[in-house]
Amino acid sequence: MHEMSYVVRFVNQAIECAQENKATLVSKVCVSVGEMTDVLPEYLHKYYPQAVKGTILEGSKLEVEMVPVRVICGGCGSEYHPCRENKYLCPSCGDGNGKVVAGRDVVLEQIEISDEH
């Protein structure tokens, strides 16, 4: 149920952003979810209506984009998606020293402000 804490965090960020832009109504909230987070989009959608109730986000649509894990190999510089079949090693050179560059965060990407009052 750690998804609820993520929902509360990005809802608060979206409200703050909307208020900074003097919005009175938000129609859509877009969030990216990294594959490494183990956050399940269906739970984000489940908890979202509760988290936005009574706010300027109430009635808005939640859009979730999954972001795959991407690693840059420390040996050859190749970018790849680590996988169990390859023992999470670089498929180009076999090196195991890589840096994760995508897929480990939950990020508020965008809010869509509505003109309706």
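Which backbone nitrogen does the side chain of Glu3 reach? The side chain of Glu3 comes to 3.0 Å from the backbone nitrogen of Leu40.

The structure is a predicted model, in which local features need pLDDT of at least 70 and side-chain atom pairs count only at pLDDT 80 or more, while totals for chains, interfaces and linings use all residues. Residues are numbered from 1 along each chain as its sequence is written, and side-chain values use heavy atoms, with hydrogens and water left out.

Glu3 belongs to helix 1; helices are DSSP runs (H or I) of at least four residues and strands are runs (E) of at least two, numbered from the N terminus. Glu3 counts as buried because its relative accessibility is 4%. Buried means under 20% relative accessible area, exposed over 50%, and partly exposed in between (1.4 Å probe, protein chains only).

The largest nonpolar core has 20 residues. Such a core is a set of buried Ala, Val, Leu, Ile, Met, Phe, Trp, Tyr and Cys residues joined through side-chain atoms within 4.5 Å. Helix 1 (3–20), strand 1 (26–34), helix 2 (41–52) and strand 6 (106–113) each give two or more residues to this core, and helix 1 gives the most, with 6 residues. Apart from it lies another core of 5 residues, including Val69 and Cys90.

The table lists contacts (heavy atoms within 4.5 Å), leaving aside neighbours within four places in sequence.

| Residue | In contact with |
|---|---|
| Glu3 | Asp38, Val39, Leu40, Tyr43, Leu44 and Tyr47 |
| Phe10 | Val29, Val31, Leu44, Tyr48, Leu62, Val106 and Leu108 |

How values were computed. A polar contact is a pair of N or O atoms within 3.5 Å; within protein, one must be able to donate a hydrogen and the other to accept it, and residues adjacent in sequence count only if both atoms are side-chain atoms.
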